[in-house]
Every structure is written in structure tokens, then in C-alpha cells.
Amino acid sequence: MSTTDNCHSPNSPDFDDMTDNLKAENEQQVLDAVKSAASDKIALDVRANGSKAGLGRATDIGHVLDVSGLGGVNFYEPAELVLSAGAATGVAEVEDLLADKSQQLAFEPPDLGPLLGGEAGQGTLGGLVACNLAGPRRVKAGAARDHFLGFSAVSGRGEVFKSGGRVVKNVTGFDLSKLMAGSYGTLAVMTELTIKVLPAPEKIRTVLISWAKDGIYDHGGVKAMTDAMASPHEVSGAAHMPAGIAERSSVSYVGDSGRAVTALRVEGPEPSVAHRCEALKNLLGKYGDIEELHTQNSTAFWCDVRDVQCFVENQDRYIWRVSVPPTEGSRVALKILEGRPGEALYDWSGGLIWLALAPAPDACANIVRQHVAAVGGHAMLMRAPADVRARVPVFEPQNGTMADITQRIKEGFDPHGILNPGRMYEGV
Amino acid sequence: MLMPKPDSDVIARREEIIAAMRSIVPGEGVIIDDDELRAYDCDGLMAYRQLPMIVVLPKTTQQVSDVLKYCHDNDVKIVPRGAGTGLSGGALPLADAITLGLGKFNKILETDFENRCVVTQPGVTNLALTQEVEHAGFYYAPDPSSQIACSIGGNVAENSGGVHCLKYGLTTNNVLGAEIVLMNGDIVRIGGKHLDAGGYDVLGVITGSEGLLGVITEVTVRILQKPETAKAVLLGFDSNQKGGDCVAAIIADGIIPGGMEMMDTFAIQAAEEFVHAGYPQDVTALLIVELDGPAPEVEHLIGRVETIARQQNARYVKVSESEDERQKFWSGRKAAFPAVGRLSPDYLCMDGTIPRGQLAYVLTRMEELSEKYGLRVANVFHAGDGNLHPLILFDANVPGELDNAEKFGADILRLCVEVGGVLTGEHGVGIEKRDLMGEMFTEDDMKHQQRLKCAFDPGHLLNPGKVYPILHRCAELGKMHVHNGQLPFPELPRF
């Protein structure tokens with residue numbers, strides 16, 4: 001996709017002559033573009049900076065609706081814990097703004113740009129919510145969906161609609177914000193989003209269990225995380241790195257030890273953090289050597305986990321993101337990895353497995369999905385070449401009634417199938 | 001309140017429908033006598049009553065499925081019902097509909113402490129969930145004031161809140177999975193013990209859908225460790241503005257209290273007279289701020305809240321010194337509704353949410369409205385999340401007063417929307433706020449919501465007459481204007 005200066009040319013060609021791209025800089029222009037596309041039944045690939053272009057099923061949609069012009073913060077009211085911004089506002093810009101007031105997006109948005117082979121810092125608020133992403137704090141604070149209060153959008157019908165509002169407590173009408181979150185732009189083009197923000201923690205510490213040298217400690221790691229999460233110490237991150245992944249950590253203490261580590265994060269005011277750290281050390285000392293990372297090292301460590309830094313290198317490997325009941329994490333991962341070259345990083349107390357596997361024609365989809373189905377969960381193919389993501393279902397395939405519901409929702413919001421068609425499921 | 005006109009054809013088929021229901025739900029699960037039907041003639045919004053055509057109380061998911069399939073095939077409407085404690089009339093029966101009660105789904109199916117979740121049938125009460133897990137130090141966080149009686153299925157249908165929403169979220173943030181029966185009888189399972197489900201967030205839209213999309217037959221909720229300790233501080237201010245400013249200052253300082261409740265003069269006095277909670281009587285606004293968590297955190301934050309409150313000119317500051325005293329602080333707030341109710345034959349409880357910073361303005365405007373309508377109003381306010389509960393006092397025996405009170409209530413909700421808030425924070429739209437939906441949503445907004453309805457229940461058989469003032473036929477909603485001839489759009493840059 002290229003953007004050129006002549007996008008504002010008053011002598012714009014007619015839609016019929018349109019080559020590739022439409023650029024919309026406000027809601028009215030989005031509306032015009034979608035109406036126009038709907039009347040001609042022309043499919044649109046909706047994107048801003050394209051930082052997540054590699055997420056989801058690979059599609060070949062000729063025309064791009066470039067919404068990167070929809071940026072800008074409408075309002076940010078720290079005392080009300082609310083921010084409203086255009087869909088293409090950079091996540092980094094929002095985070096900087098919040099940091100000035102010691103606030104944050106509590107669901108810890110990951111920056112998956114590098115993991116997907118692109119640049120860091122390109123993600124937008126709209127893309128973040130459309131993919132319903134969340135980082136390690138998901139276990140305590142929820143995902144993007146849980147912080148998404150309201151929006152304005154243009155549906156595939158070529159109509160502007162809004163839902164939700166700017167307050168947390170709101171049960172007025174169906175919760176369409178939930179429907180938009182994670183819909184990958186297949187139902188509507190969001191133009192403005194309103195999200196809940198929260199205070200950033202004053203202190204961050206990480207209790208680190210270093211397991212003995214050599215050996216597989218995935219089960220032990222999950223057990224330790226389960227103990228920590230079941231404690232009253234308000235753990236806000238629980239991750240396990242096998243030794244091979246830990247040694248690539250940017251935190252030298254973790255990288256140099258050559259051992260598997262399990263990490264538990266506590267956040268809050270200083271006295272609280274100190275108290276909970278001590279309590280966790282006592283609880284978990286039985287598993288291995290215990291160390292503590294303070295704010296700076298903690299921040300670096302959890303950024304690595306959040307952005308799956310360990311799998312950025314070696315872009316040839318395929319990446320799966322698997323969500324299972326937390327206690328099943330290590331069992332599922334080790335079964336999938338049995339006799340198969342690859343690695344597993346555990347987040348969400350074992351409830352999220354990042355798998356890096358050697359390339360295979362079916363991306364090992366059958367084996368991954370078979371083991372996930374046995375315990376209940378969801379597996380998404382996060383990184384693979386486009387031809388693989390066109391062939392192998394990226395999301396857990398739906399069937400029967402759920403597939404019908406998906407189809408009917410799509411038809412209700414985008415009857416001509418012009419918005420990101422095929423991005424989630426074939427024909428949706 | 002105008003409800004859809006009963007379908008006389010369906011009522012004429014009542015005997016035949018009863019026979020069909022009895023073949024699906026044997027025994028005493030089909031209720032047809034007026035005396036017994038009367039127990040189901042309203043929910044918590046008792047100003048509106050209607051005898052259901054039939055009440056059916058299934059025991060299994062298969063029975064629910066069979067009932068819905070029969071009704072789908074025979075064009076019979078269904079009103080789902082949990083414990084009937086809802087405050088917006090969402091479970092108000094219809095004369096030509098079956099009320100489908102889920103009360104017999106009263107078993108907790110699985111408690112999984114390691115994965116920190118509980119799988120339960122929908123008829124289990126909110127409080128029973130907490131009771132089931134508290135021996136292991138856990139609890140279920142959302143705590144609507146009716147938690148002793150309300151069912152978890154109803155909580156999901158209404159996306160119920162409570163006093164701890166700012167810190168712990170609403171129902172929607174605490175539900176992991178569900179089994180749902182659609183109107184055509186199909187049974188679907190969504191989510192589970194894992195966090196990410198993929199696909200459209202059907203669980204997210206079912207939550208808070210007020211029984212319009214499907215019937216919930218199983219729920220998986222997440223449970224949390226109970227905070228180690230909790231302490232409350234009672235703060236008095238000589239104006240609502242100062243109370244509101246203090247709330248903002250606490251949040252701006254980075255503190256998210258477990259609960260933060262505000263009461264106005266009328267509510268303070270009524271509560272104090274009723275339960276003697278020890279509230280100061282010479283303040284205009286009273287704030288209860290509760291901090292929960294590890295003891296060192298609570299001590300630390302209570303100190304900071306105290307400092308902030310003094311900076312914000314609190315004229316009364318009292319920290320709870322014991323668990324008894326903390327409970328006493330809450331006793332007045334928790335008794336506020338009955339305390340106000342004692343002063344009046346009837347009252348209406350409203351439920352708007354506003355941006356917190358608008359509190360003083362909204363209360364001033366509400367006083368003006370109170371004078372205009374000649375009706376008293378008391379205010380209790382979930383100050384942390386901006387959810388306002390004005391209680392409008394009236395006497396239903398005085399002709400015209402109910403009507404007047406409802407008009408007053410509608411004006412209050414319009415005011416909430418005007419300042420950037422919403423019609424309902426936790427009670428739901430139901431029938432109560434149905435006709436006000438247009439205050440908040442455009443026609444296109446509501447049509448998009450109804451397109452979701454069409455994906456689940458195109459025949460509009462589930463809970464009709466609730467939430468939306470006009471139900472457009474799905475065929476009509478499906479039509480699309482074609483804009484040929486209007487092209488090109490001159491405003492649109494192309495390249």
C-alpha cells in the first residue's frame with residue numbers, strides 16, 4: 001500500500017476508475033467510501049498502518065480503505081478514567097499521554113509488530129480493539145474488550161451507528177462494543193473509540209523462581225503459577241519460560257542463568273508490593289531459587305513476555321497462540337511438542353501458550369487443535385506465510401449453529417460482505 | 001406502558017400448548033391455575049403486573065431446548081425468568097406468552113479452585129456462589145444488592161453490577177463461558193475455563209441482552225481470592241460539589257477504592273433515623289470510601305484518602321477501627337432504600353450513570369425538577385463508577401402521582417444522557433426505560449442493535465416488548481438502500 005500526496009486532489013477519479021486505495025480522513029468520508037463500495041459490491045481491506053496485516057486469514061482484497069487519517073485524541077479526562085480518540089490514533093501516542101498522568105491501559109496492549117515481521121510502535125487503538133489483544137495482565141484486568149466503553153462506526157450497510165458510552169457502568173441496550181472487539185473489522189469500520197483507563201502502578205516487582213539446571217520444568221512452572229494465582233497476593237502477571245527461551249531474555253539476570261524461570265508480578269503502592277513479594281517468596285520457595293526483579297527489570301521482562309520477544313528472531317517458524325484452562329497449559333504444550341521441533345512460552349498462568357513450530361504444510365493445525373479440543377480452548381495461527389494462512393483455518397473453525405450465528409451477524413452488519421471479507425472465516 | 005397486543009390466536013390455542021408443554025416437562029413443571037400463576041405476575045418492578053399465559057419450569061437443558069423448539073415452530077412467545085428480582089420489568093409476563101422459569105436449575109456443577117472458576121446452573125443465587133467457595137478464601141465479585149435472592153442466570157442476562165464495579169467489573173467482566181439455548185432449540189456452548197474464545201464475542205453480547213437473544217442454561221464464572229482485609233472511611237462535606245471533588249481527587253491520586261458510595265442529605269437523614277449508623281447529621285454529602293486488599297496496602301491507602309479528604313475540605317472524617325465499625329458504616333447505605341421507603345408509601349428507584357464530574361450539576365438540576373414536580377427525591381450514588389440511584393417518593397393512591405413520578409424519573413434519565421451519561425447503569429432497560437431509548441440512540445443505532453437480535457431470534461419470539469420501543473421486522477431490517485446514481489461522492493479523496 002502506498003500513500004501519495006495526490007490523495008486530496010480535487011480531480012479525484014470516479015469510483016469506477018478507482019485503482020487501489022481510498023483514503024478517509026473523517027467519519028463522513030468513511031461513510032461515503034463504504035456506501036460507494038456497498039453499492040458497487042466492492043470489497044474493502046480496512047487498515048490504518050497495516051501493523052496487523054499479517055494477523056488473521058490471508059485475503060486478497062483488491063481495494064484498501066485507508067483509515068490512517070482518523071487519528072487524534074478527542075478527550076482525555078484522567079479523573080474520569082476515560083479517553084476517547086479516533087480509531088487510527090497510535091497506541092504509543094495514547095500510552096505516552098496516559099503516562100504523563102501516571103495512568104495506563106490496564107489490559108497491557110502488546111505490540112506484535114516485530115513478532116509479525118514488521119516495525120514496532122505502529123499499532124493503532126482501532127486495530128488493538130478490533131483484534132481484542134491483551135498482555136500478561138489479562139489474568140487480572142481482562143482484555144481490550146473489558147476496557148472498551150463505546151464507539152462510533154460505519155457498518156457495511158453504509159450507516160453510521162454508535163453504541164455504549166463514556167461511563168463504565170452501562171447496560172443500555174445490547175453491548176455492541178463486545179461485538180466489535182475481536183471482529184477484525186469484518187462488521188463495521190470503527191471511527192472513534194472510548195476506552196477506560198486506570199492508574200499505573202507505583203511500584204512493580206517480580207518474584208522469579210529459577211529452576212534447577214537441566215530438565216523440563218513446564219509442569220512445575222504451571223503448578224507454581226497456579227499456587228500464586230490462588231493466593232490473595234493479587235498477582236498481575238504469571239509467566240513461565242523454559243531455559244531455552246529464558247537464555248534469550250533481555251534481562252541479564254534471567255538470560256545469564258541458563259535455567260528455566262517462572263515469574264510472578266505484583267504491582268501497587270510500595271508497602272503493599274513489599275508485603276506481597278515477601279508472602280510470595282515464602283509460598284514459592286519450595287520450587288527453586290527465588291530472586292526478585294525490581295521496577296526497571298520487571299518492566300523489561302514483562303515487555304518481552306507481552307510482545308513475545310523470544311519468537312521475533314527466526315521468522316521462519318510458525319507461531320500459534322493457544323488459550324486453554326490454565327492448569328492444562330503445560331500438558332497441552334508438551335503433547336504438541338512431542339517429537340516436534342519447537343518451543344513454548346507460557347503466560348496467563350499457563351492459560352496462554354505461545355508456540356513456535358518448524359514450518360509444516362498444515363502448520364501442525366490438526367495436532368494443535370486436537371490437543372486443544374481435548375481440554376477446551378482456542379488456538380489461533382498467529383504467524384505463518386500468507387499461503388498457509390489462506391489454506392489453514394487461522395481461528396478455531398466453527399461449525400453448525402455457531403457458524404450460522406456468525407454468518408447471520410455478518411449479514412446483519414455487512415450484507416454485501418464488503419468489509420475485510422474472509423479475514424476471520426471463509427465467507428464471513 | 002404499552003405492551004404488544006396479545007395474539008388472540010395463540011391464547012385460543014392455550015390448551016393445546018399446555019398439553020405440549022406437559023409432554024416435555026412432566027410433573028408439576030407446568031403451571032396453569034390463576035392462583036399459582038399470580039406468583040409470576042411481575043418481577044422487581046411491581047408497578048406493572050400481568051398474568052402469564054402459562055408458566056413452565058424445566059429441569060434440564062434438553063427440556064428448555066424442546067420447549068423453545070415447540071414455541072419456535074408454533075409461534076409462541078417466551079419470557080425467560082430467573083429469580084424475578086429485576087428492577088426494570090425485563091421478566092414482566094405477556095398475556096400470550098409462556099414464562100420460562102429457570103428456578104429448578106439450582107445446582108452448582110463444578111468448583112475448580114486451580115483454574116479459579118465455578119461452573120453453575122443459572123438458577124443458583126449470586127450469594128450461593130460465594131458461599132460455595134468462601135471456605136477456600138474465594139468469592140464471586142459482582143454483588144448486586146439483591147444478591148441473596150437474584151440468580152446468576154439473571155445476573156448474566158442483565159449484566160448486573162453492585163457496589164464494587166469500579167475495581168472488580170460488572171458481570172460481563174467476570175463470566176468465562178455459558179451454555180445457551182436459542183429460540184429454535186439449538187444448544188450452543190461458548191467460552192469455558194479459558195480466557196480467549198475466538199470468533200465474534202457471543203458471550204459478550206448475550207451478557208446484558210435481557211433475555212432477548214437466548215436462554216442461559218449454564219454459566220462459568222471466574223472467582224477471586226477475597227481481599228485480606230477491608231477498611232472504610234466515612235467523609236462528610238458541606239456541599240455536593242466538595243464531595244464530588246473529593247471523589248475525583250482520590251481517583252486522580254491513583255487510588256481505585258473497592259467501593260465509593262455517596263449519599264445526599266435526605267438519604268443520610270433517612271438512613272440514620274432507620275438504622276442509627278452513626279452518620280453525621282450536619283453534612284450535605286456523605287462519602288463512604290472502602291479500601292480492600294493486603295493489610296499494609298489498606299493502611300497506606302486509608303492514610304492517603306484521609307489526607308486527600310482534608311485537603312478537599314471534608315468537615316467530617318472517621319476511619320473504621322474494627323470490622324464491626326466498617327459494617328456499621330455500610331449499614332446505613334445498605335438500608336438506604338427501605339429507610340427512604342419508610343418515609344413514603346411508594347418510591348421509584350432510578351438508575352442512570354453520569355460522568356462523575358457532573359454530579360454536583362446533576363444534583364442541582366434534580367432539586368429543580370423535584371420542585372417542578374412537587375415530589376421529594378433522595379439520592380444514593382455509586383460515586384466510584386458514576387451510577388446514580390435517585391429515589392422518587394410518591395403515593396400511588398393519589399391519582400396521577402405515579403404518572404407524575406414516572407415523568408420526573410424520565411426527566412432525570414434525560415438529564416443523565418444530556419451530561420454524557422446513560423439511561424441505565426445496572427438495572428437494565430426492560431420495559432421501564434424502553435420508551436426512552438430514543439433519548440440516547442438514533443434510529444440507526446437501534447436498528448444495528450436489532451440486527452443482532454435478528455441473528456438470534458428472527459421471529460421476535462423471545463421477550464418481545466422489552467428494551468426496544470419498536471421492533472422492526474427482520475426482513476425490513478435486512479433491506480439495504482442502494483445508492484446507485486448518487487455517485488461519485490465529491491467529498492471523498494481517491495487515489
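This report describes aromatic ring pairs and a charged surface patch in a predicted model.

## Aromatic pairs in chain A

Across all chains, the structure contains 13 aromatic pairs.

Phe161(A) has a relative accessible area of 0% and is buried. Phe413(A) is likewise buried, with a relative accessible area of 0%. Both residues also take part in a cluster in which ring pairs link Phe148(A), Phe151(A), Phe161(A) and Phe413(A).

## An aromatic pair in chain B

In chain B, the ring centres of Phe337(B) and Tyr347(B) are 6.4 Å apart; because their planes lie at 75 degrees, the pair is edge-to-face. Phe337(B) is located in helix 13 (residues 336-341) of chain B and Tyr347(B) in strand 16 (residues 346-349) of chain B, ten residues apart.

The two partners fall into separate accessibility classes. Phe337(B) counts as buried at 18% relative accessibility, whereas Tyr347(B), at 30% relative accessibility, counts as partly exposed.

## A negative surface patch in chain B

Glu28(B), Asp33(B), Asp34(B) and Glu36(B) form a negative surface patch. Within this group, Asp34(B) lies in helix 3 (residues 34-37) of chain B. Asp34(B) has a relative accessible area of 42% and is therefore partly exposed.

Notes: Residues numbered from 1 in each chain as written. Chains lettered and ligands numbered in written order. Predicted model: local features only at pLDDT ≥ 70, side-chain atom pairs only at ≥ 80, totals over all residues. Heavy atoms only, no water. Patch = residues over 30% accessible without salt bridge, like charges linked within 9 Å, V, L, I, M, F, W, Y side chains within 5 Å. Areas by Shrake-Rupley, 256 points an atom, 1.4 Å probe, with all protein chains shown as cover. Salt bridge = Lys/Arg side-chain N within 4 Å of Asp/Glu carboxyl O. Lys, Arg positive; Asp, Glu negative; His and termini not counted. Charge placed at Lys NZ, Arg CZ, Asp CG, Glu CD. Helix = DSSP H or I, 4+ residues; strand = E, 2+ residues; numbered from the N terminus. Buried < 20%, exposed > 50% of the residue type's maximum accessible area, 1.4 Å probe, protein only. Phe/Tyr/Trp six-rings, centres within 6.5 Å; stacked < 30°, edge-to-face > 60°.
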